[in-house]
Amino acid sequence: MSSAPFVRIAELPAHAGQTVVIRAWVTHLRSSGKIAFAVLRDGTAICQAVFVKNQLPAEVWERFAHLTTETSVEISGEVRVEPRSPGGAEIGVAGLTIIGPSPIDYPIQPKEHGVDFLLDNRHFWLRSPRQRAIAVIRHEVEQAIHDYFYENGFLRVDTPILTAAIGERSGLFATEYFDLGNAYLAQTGQLYGEAAAAAFGKIYTFGPTFRAEKSKTRRHLTEFWMIEPEVAWNDSEANMKLQEDFVAYLVQRVLERRKPELAELERDVSKLENIKAPFPRLNYTDAIALVQSKGSSAVWGDDLGAEDEALIVADYDKPVFVFNYPKEAKAFYMKENPDDPRTVLCDDLLAPEGFGEMIGGSQREDDYDKLVARIKEEGLPMDAYEWYLDLRRYGTFTHSGFGLGLERTVAWICGIQHIREVIAFPRMMHRLRP
Ligand code: 4AD
Ligand code: MG
């Protein structure tokens with residue numbers, strides 16, 4: 001249709017005064033009879049296309065009348081820098097081709113929709129400016145994670161998704177695996193990460209993890225992404241240092257590079273500017289006393305529930321570590337605390353503003369006999385853990401690591417109340433489509 005160069009909308013300001021072609025979707029339309037406007041979205045940015053009746057061939061002007069929301073179009077015209085227009089640039093239209101019409105029953109209309117309806121139409125919902133802002137911030141966090149570990153000398157190791165039943169206590173998804181019985185979708189990459197740490201020193205995994213938890217809370221997905229560093233020779237103290245340095249880096253990176261997206265989400269950035277190491281630390285026993293003083297019925301020995309976590313973080317404007325939980329509240333692989341063997345050397349990092357646990361971490365039990373005893377106590381199948389026990393038989397070592405839940409972290413940074421909105425296609429107990 002035109003020999004002008006095809007450019008993405010975000011690149012328009014660099015083409016001021018030139019004639020270009022853009023391909024995009026229509027988001028808004030407005031016409032006054034002699035002049036008409038279409039706001040266009042191509043995922044990189046938005047811009048306004050201006051149609052002036054007496055400067056256009058009649059058929060181009062008439063074609064404007066066929067545009068509807070979400071019609072895909074190719075438009076040629078001259079780029080004008082226009083600070084008052086959405087996106088900062090506009091196009092004075094010379095040509096218009098309709099690529100894909102969009103019937104007027106497009107499901108998402110400019111009115112309030114219920115969240116179930118929006119989730120049923122997630123494939124369309126993603127086209128909204130708010131969803132784009134969330135996706136961009138998630139991407140920034142993912143890239144920042146890789147950059148942080150790369151710059152700090154960690155090796156990325158990809159651990160298996162199909163496993164033979166090892167991991168955390170929560171439910172497993174099973175699938176048939178040839179003649180070997182059931183395979184289970186990984187709940188964590190940690191145990192493999194420990195083997196890799198003995199081989200490579202400082203490693204991290206970044207992958208999907210699966211939990212068949214019948215939890216319908218705003219913090220649970222059945223499929224979520226977890227980042228799990230594992231570091232040879234780090235004790236629990238060094239592990240917490242790494243966590244606060246890492247989390248502070250992620251937040252500052254989003255603040256530096258994604259201010260427009262935070263503004264789109266109306267995020268109060270003053271709450272994020274404050275997120276710098278060190279983070280406050282409470283040992284578990286003090287945490288229990290604190291929540292009891294605020295009316296919680298939790299008793300020493302319990303894991304902390306979402307309500308208790310909210311009571312704890314209410315006193316702080318940074319993430320808070322709760323460390324050294326009772327053994328029975330935590331996983332078998334955590335190292336017994338030599339100063340108080342009722343507890344283990346572990347920590348949960350609780351996000352501020354009530355977003356709850358975003359990290360679970362620990363020093364790992366490196367004593368062969370103690371680990372065997374814990375596996376037996378938990379009634380776990382010893383044969384599945386033989387290779388894991390080998391790590392204690394052959395050159396055992398002090399080591400620690402943690403798992404950061406990507407969706408909970410991104411939800412907190414974005415200020416989004418339910419984590420289902422921070423993953424493109426959420427998987428939950430009652431949702432497998434789209
Ligand atoms: O505390 P968790 O269960 O720890 C582990 O899996 C360890 N193996 C990690 C390690 O030490 N390498 O899970 C870690 C984090 C939680 O703090 C939370 O952020 C997230 O994973 N998470 C979930 N996120 C969304 N939906 C769920 N169902 C989640 N379960 C855990
Ligand atoms: Mg946990």
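Predicted model: local features only at pLDDT ≥ 70, side-chain atom pairs only at ≥ 80, totals over all residues.
Trainee: Is strand β16 mostly covered or mostly uncovered, and how many of its residues are buried?

Mentor: Strand β16 spans residues 399–405. Buried here means under 20% relative accessible area. By that cut-off the strand is mostly covered, and its buried residues number 7 of 7.

Trainee: Which residues of β16 point the opposite way from Ser400, Phe402 and Leu404?

Mentor: In a regular strand the side chains alternate between the two faces of the sheet. In β16, Ser400, Phe402 and Leu404 point one way, and the residues on either side are buried. Pointing the other way are His399, Gly401, Gly403 and Gly405.

Trainee: In which sense do β11 and β15 pair with β16?

Mentor: β11 (residues 223–232) pairs with β16 over 5 bridges, and there Gly401 is the bridge partner of Glu230. β15 (residues 356–363) also pairs with β16 over 5 bridges, with Gly403 opposite Gly360. The sense of both pairings is antiparallel.

Trainee: Which element supplies the largest share of the lining of the largest pocket?

Mentor: The largest pocket has a volume of about 1,000 Å³. Of its 33 lining residues, those closest to the centre are His28, Arg127, Ser128, Pro129 and Arg130. At least two lining residues come from each of β1, β2, α3, α4 and α7. The largest share, 4 residues, is that of α4.

Trainee: Which domains each give at least three residues to that lining?

Mentor: By class, the lining has 15 nonpolar, 9 polar and 9 charged residues. At least three residues come from each of domain 1 (9–100) and domain 2 (122–421).

Terms used:
Residues numbered from 1 in each chain as written. Chains lettered and ligands numbered in written order. Heavy atoms only, no water. Buried < 20%, exposed > 50% of the residue type's maximum accessible area, 1.4 Å probe, protein only. Pairing = 2+ DSSP bridges. 1 Å grid on protein atoms, 1.4 Å probe; cavity = no way out; pocket = protein on both sides within 12 Å on 5 of 7 lines; lining within 4 Å. Points joined across faces, edges and corners; volume = space filled by probe spheres on them. Nonpolar A, V, L, I, M, F, W, Y, C, P; charged D, E, K, R; others polar. Domains from an automatic or database assignment.
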